[in-house]
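In this notebook I record what I looked up about the pockets of one protein model. I went through them in turn and noted what lines each one.

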Amino acid sequence: MRIERQVRRSNLSLPMLACGCLTVLLGGGIILVLAGLVFLPGIILQFTGFQSQGSTEAIFETITPEPTVVVENPQPTPAGAVVNLGQYGTETLNNRLYDYTIVTGSTSSGQQLATLTFDENSLETICQQRSDICGPNNPRFRNAVIDLKPGGAIVNGEVYVQQVGIWQRVGIVMRLTNNQLTIAGVDVGGTLYTVPPNEFSDLISEVERVGNEAIQQLAVEAGGTSYTLVQIQVTETALTLVMQ
């Protein structure tokens, strides 16, 4: 007599089933990770009290750039310049560290006039020399880089979010009007957020206060002449101090 043995087909399909489940889980996991990378920053900010208020770029789109100042009767380029920030110290400029352009001369009415122009890299170098927010060691805001905008700038860096215990990449959005610095909010992924009243808002207020005090005290010595600030002009690529 012949006995037929039944084959348990379900066992044979287990490896394929396992592979299929693993593929689904991995695929779903990757999607969740990617989604987290996109949406987590905004979620963290909203969780800690920040409120969205539209596009960051819209802040700068309404600003009309100031006309370029023309220095008449330009003199030979001074060998060096000293930027004086009053109580915040002085910085001696040289071409080995900074990429800057200084032009001295006069206005159409004969008054002494000078312009001092920096690009983004030079501003970051000055920041590294004068402040630890452009380095890795500040406990609240670190590794800052400067992105100039017409009539302002975005200072991108990492802020420590104490409520969740992580570092979050954000940009401090600044506007400069009539030589007055104002903080418009913080940028994450192109979205502008208001700053809630917490320890981060204290940092923002301190940045605004120190920045405006430095602007008010700013003076430059070049070619044996001392100049005081008249106007600050900011474009996408450069910041220019106009002085008399």
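Entry 1. I began with the classes of residue that line the second largest pocket: seven are nonpolar, ten polar and two charged. I note that the model is predicted.

Entry 2. I then looked up the volume of the second largest pocket, which is about 370 Å³. Its lining is made of 19 residues, and those closest to its centre are P65, E66, I232, Q233 and V234. Three elements, β8, β12 and β13, each give two or more residues to this lining.

Entry 3. I turned to the largest pocket and found a volume of about 1,300 Å³. I counted 40 lining residues in the record of this pocket, with L85, C127, I146, G211 and A214 closest to the centre. Two helices are among the elements that give two or more residues to the lining, namely α4 (120-130) and α5 (199-217). The strands that do so are β3 (90-93), β6 (141-149), β7 (152-161), β8 (166-177), β12 (225-234) and β13 (238-243).

Entry 4. Which element gives the largest share of the lining of the largest pocket? I found that α5 does, with seven residues.

Entry 5. For the second largest pocket I had noted ten polar residues and seven nonpolar ones.

Conventions:
Residues are numbered from 1 along each chain as its sequence is written. This is a predicted model: local features need pLDDT of at least 70, side-chain atom pairs count only at pLDDT 80 or more; totals for chains, interfaces and linings use all residues. Side-chain values use heavy atoms; hydrogens and water are left out. On a 1 Å grid over the protein atoms alone, a cavity is a set of points where a 1.4 Å probe fits but cannot get out, and a pocket is an open set with protein on both sides within 12 Å along at least five of seven lines; lining residues have an atom within 4 Å of a point. Grid points are joined across faces, edges and corners, and a volume is the space filled by probe spheres set on the points. Helices (H or I, at least four residues) and strands (E, at least two) are DSSP runs, numbered from the N terminus. Ala, Val, Leu, Ile, Met, Phe, Trp, Tyr, Cys and Pro count as nonpolar, Asp, Glu, Lys and Arg as charged, and the others, Gly among them, as polar.
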